[in-house]
Amino acid sequence: MFAASNQLLWSMIGLLLTMGGTFLEVYGTSLPWNWSQQGIKTFPLGVSYQMGAVLLVGCLGGRNAAALSQIAYLVMGLTLLPVFAEGGGIGYVKLSQFGYLLGFIPGAWICGYFAFKARPRLETLAFSCLCGLLTVHLCGITYLIVNYIFPWRVAENISLIQAILRYSWFSLPGQMVVVCAVTVIAYILRHIMFY
């Protein structure tokens, strides 16, 4: 599909976007037809651009570049570089949310796989992003379940259901907005770059 040099370039772009997106919060605005009366108001959506970066590199760079960028991101974070939202280090594997970071690898790969199975249309790119997002959440929930079964995890005083709600359910509305944005951006860029 892509030459090795192109895949390496896209994986580096994906790594940089994921690192930067980790620390940038997503904001929404008030509806445009209210701007003349109330002005433009922004409000946080409770998620970062991290998931958008994972999906965007899948839509633009393909499955291998996307997975490679996320492997590099995890390796950097686990070797004490503060690229994760709460720092870094090998102790991060004991945190409940680490499963979602692990899910970035198969999620990015699946997104990249489906993004290049058909011509780049809005619906095919949206489908690939949704498949990648679902994969990340399935990996995260699986890790949460395993994390609650074994006693080596960092103790949280919340139930498994509360953890799933915190890390998956409550973030889905904001992440769906990010998926819509990634779909449009990927559609435009794929047509500009003629692939």
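Analyst: A pocket is an open set of grid points with protein on both sides within 12 Å along at least five of seven lines, and its volume is the space filled by probe spheres set on the points. Rolling a probe the size of a water molecule over the atoms shows where empty space is left. The model shown here is predicted.

User: What volume does the second largest pocket have?

Analyst: The second largest pocket has a volume of about 230 Å³. Its lining comprises 14 residues, and nearest its centre lie Tyr49, Gly52, Ala53, Leu56 and Val182.

User: Which element supplies the largest share of that lining?

Analyst: Helix α8 does, with five residues. At least two residues each come from α1 (4-22), α3 and α8 (172-192). By class, 11 lining residues of this second largest pocket are nonpolar, three are polar and none is charged.

User: How much space lies in the largest pocket, and which residues are closest to its centre?

Analyst: The largest pocket holds about 610 Å³ of space. It is lined by 22 residues, of which Ser48, Gln50, Gln97, Tyr167 and Gln175 are the closest to its centre. Two or more lining residues come from each of β2, α3 (50-61), α5 (98-115), α6 (122-149) and α7 (160-167). The largest share, four residues, belongs to β2. The lining of the largest pocket divides into 12 nonpolar, eight polar and two charged residues.

User: In what sense does β2 pair with β1?

Analyst: Strand β2 (residues 42-48) pairs with β1 in the antiparallel sense, over four bridges. Within β2, Thr42 is the bridge partner of Thr29.

Terms used:
Residues are numbered from 1 along each chain as its sequence is written. This is a predicted model: local features need pLDDT of at least 70, side-chain atom pairs count only at pLDDT 80 or more; totals for chains, interfaces and linings use all residues. Side-chain values use heavy atoms; hydrogens and water are left out. Two strands pair if DSSP finds at least two bridges between them. On a 1 Å grid over the protein atoms alone, a cavity is a set of points where a 1.4 Å probe fits but cannot get out, and a pocket is an open set with protein on both sides within 12 Å along at least five of seven lines; lining residues have an atom within 4 Å of a point. Ala, Val, Leu, Ile, Met, Phe, Trp, Tyr, Cys and Pro count as nonpolar, Asp, Glu, Lys and Arg as charged, and the others, Gly among them, as polar.
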